[in-house]
Amino acid sequence: MMRVVHRHGPCSPLSPSRKPADVKLLNQDQDRVNWLQRQISIASNGTRASLAATIPANSGGSIGTGNYVVKVGFGTPKNDFTVIFDTGSDITWIQCKPCSGRNCYPQQDPLFDPSQSSTYSNISCSSPSCKKLDSRNCSAGSRCRYKIEYGDKSQSKGFFGSDTLTLTPSDVLPNFLFGCGDQSKGLFGRAASLLGLGRRPVSLVSQSSPKYGGVFSYCIPSTSSKPGYLTLGSRPLSNVQFTPLRTFSNLPSFYFLDLVAIKVGGKQLPISSKLFSTAGTVLDSGTVINRLPPSAYAALRLAFRKQMTRYKMAPRLSILDTCYDFTGYDTVTVPTVALVFGGGTTLNVDFSGILYVPSVSQACLAFAPNGDPRDFGIIGNAQQKRFNVVYDIPNMRIGFGGNACS
């Protein structure tokens, strides 16, 4: 069991720090969305595991991000590191010695020292493993080097190697391929690295598929003070509804699904399903706020505002334009929001995923419009809160089970 917590939250294993301003977090979220949209734009021109490893997952809010973190071990003897897990990328990497100064960002955990691990090996440029990387080059000594850049301009570069990855004391993956970063910068907070859960060969999901069957799931908690989990392999599937997983050969990392309708207060909005299918919809753990086609968002906003007229509106917050001032209220009534996917699978968004609440005087509808109707929609981690989100790759389906964590 891997526990999930928000990296800015009080349960985060990283040292407490001042939570960044909500505007900064939302702007970072928009940077990620812009990057995801660029990947789509560029590319566009069941089996069950016999084992499961579950790790606690926590909010990463306390170290400057809206993403979620788990703790895993690298090397022999094992050294534990707090890492962000991300379904929108593939390679796993950590900062390694002798990275220092301006070449690396400060992190909570000590840097990984590959020279102190008896099981670490470098990957040569001629190795088939090196050819699995999307972006690679060779060092003077013919050692394979990786490079990855994210939507917010964060990036990591370094040597590509292999070592033992420890998920739990009884769940160990030998010869795990990962990046040993010697040049990393960007908005990773004080986390040591990033854990890639995409579908490419170098991802954790693909590398562990012989053991865990290409199945993983997670639950994102409703608040930063509560834990969730990340599981590789099967969990009990009670109360889980599945919808088809859609894939595109020119976009092999991402998890697409069919969003066909939205309901507000139990009533379906007058939106044609073709509006959503124009570009498709991605399920992403690394984006915070849900993104919708502009006209779909306009319909959602109109319906939501009609049912919230009793409350005073507040100024917009960055990308969020429907905000309310709940000062003086002990309780508030908010209309339900449901996302309907192909096959009738319905995600009844938890209250914590309907409103983004930086303060009682500014609680905002946690949805935003895309800038272009041709941009794909994104189901962000805010809307996934408290659900057991199941990625069943062998059976090409994604499932949602409610009330899986607090």
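Which residue is the bridge partner of Pro244 in strand 30? The partner is Arg397. This is a predicted model, in which local features need pLDDT of at least 70 and side-chain atom pairs count only at pLDDT 80 or more, while totals for chains, interfaces and linings use all residues. Residues are numbered from 1 along each chain as its sequence is written, and side-chain values use heavy atoms, with hydrogens and water left out.

The overall picture comes before the details. The protein chain has six helices and 30 strands; helices (H or I, at least four residues) and strands (E, at least two) are DSSP runs, numbered from the N terminus. Its radius of gyration is 21 Å, close to the 22 Å of the globule rule for 406 residues, so the chain is as compact as a globular protein of that length. That radius is taken over C-alpha atoms, and the globule rule is 2.2 Å times the number of residues to the power 0.38. Along the principal axes, the C-alpha atoms occupy a box of roughly 65 × 45 × 40 Å.

Of the 406 residues, 57% are buried, where buried means under 20% relative accessible area, exposed over 50%, and partly exposed in between (1.4 Å probe, protein chains only). The accessible surface is about 16,100 Å², and 50% of it belongs to carbon and sulfur atoms; the areas come from the Shrake-Rupley method with a 1.4 Å probe, and for residues only the protein chains shown count as cover.

Strand 30 can now be placed among its neighbours. Strand 30 spans residues 397-401, and four of its five residues are buried. Strand 14 (residues 240-244) pairs with strand 30 in the antiparallel sense over five bridges; two strands pair if DSSP finds at least two bridges between them. Strand 29 (residues 388-392) is also antiparallel to strand 30, again over five bridges. Within this second pairing, Tyr391 stands opposite Ile398 and Asn388 opposite Gly401. Strands 29 and 30 form a hairpin with four residues between the strands, and Met396 there takes a positive phi near 50 degrees.

Strand 29 has a further partner in strand 12 (residues 215-219), to which four bridges join it in the antiparallel sense. In that pairing Val215 stands opposite Asp392. Five of the five residues of strand 29 are buried, so the strand is largely enclosed by the rest of the structure. In a regular strand the side chains alternate between the two faces of the sheet. Both faces of strand 29 are covered, with Asn388, Val390 and Asp392 buried on one side and Val389 and Tyr391 buried on the other.

Another part of the fold is an open sheet of four strands in the order 18-17-23-24, with antiparallel pairing. Strand 18 (267-268) and strand 24 (346-348) stand at its edges, each with a single partner strand, so one side of each has no neighbour in the sheet. Inside the sheet, strand 17 (residues 259-264) and strand 23 (residues 337-341) run antiparallel and are joined by five bridges. Leu259 has Phe341 of strand 23 as its bridge partner. Strand 23 also holds Ala338, which is buried at 6% relative accessible area. The C-alpha atoms of Ala338 and Asp350, twelve residues apart along the chain, are separated by 9.1 Å.

The charged side chains come last. Side chains of opposite charge can pair when their charged atoms come close. There are nine salt bridges, a salt bridge being a side-chain nitrogen of Lys or Arg within 4 Å of a carboxyl oxygen of Asp or Glu.

One of them joins Asp134 and Arg200 at 3.0 Å, N to O. Asp134 lies in the loop between strand 6 (121-122) and strand 7 (136-138), and Arg200 in the loop between strand 11 (193-196) and helix 2 (204-207), so the pair ties together parts that are 66 residues apart in sequence. Asp134 is exposed at 58% relative accessibility, whereas Arg200 is partly exposed at 23%.

Asp321 and Arg301 form another salt bridge, with their closest N and O atoms 2.7 Å apart. This pair links distant parts of the chain, 20 residues apart: Asp321 is in the loop between strand 21 (312-314) and strand 22 (323-325), and Arg301 is in helix 5 (residues 294-306). Asp321 is buried at 15% relative accessibility, and Arg301 is partly exposed at 26%.
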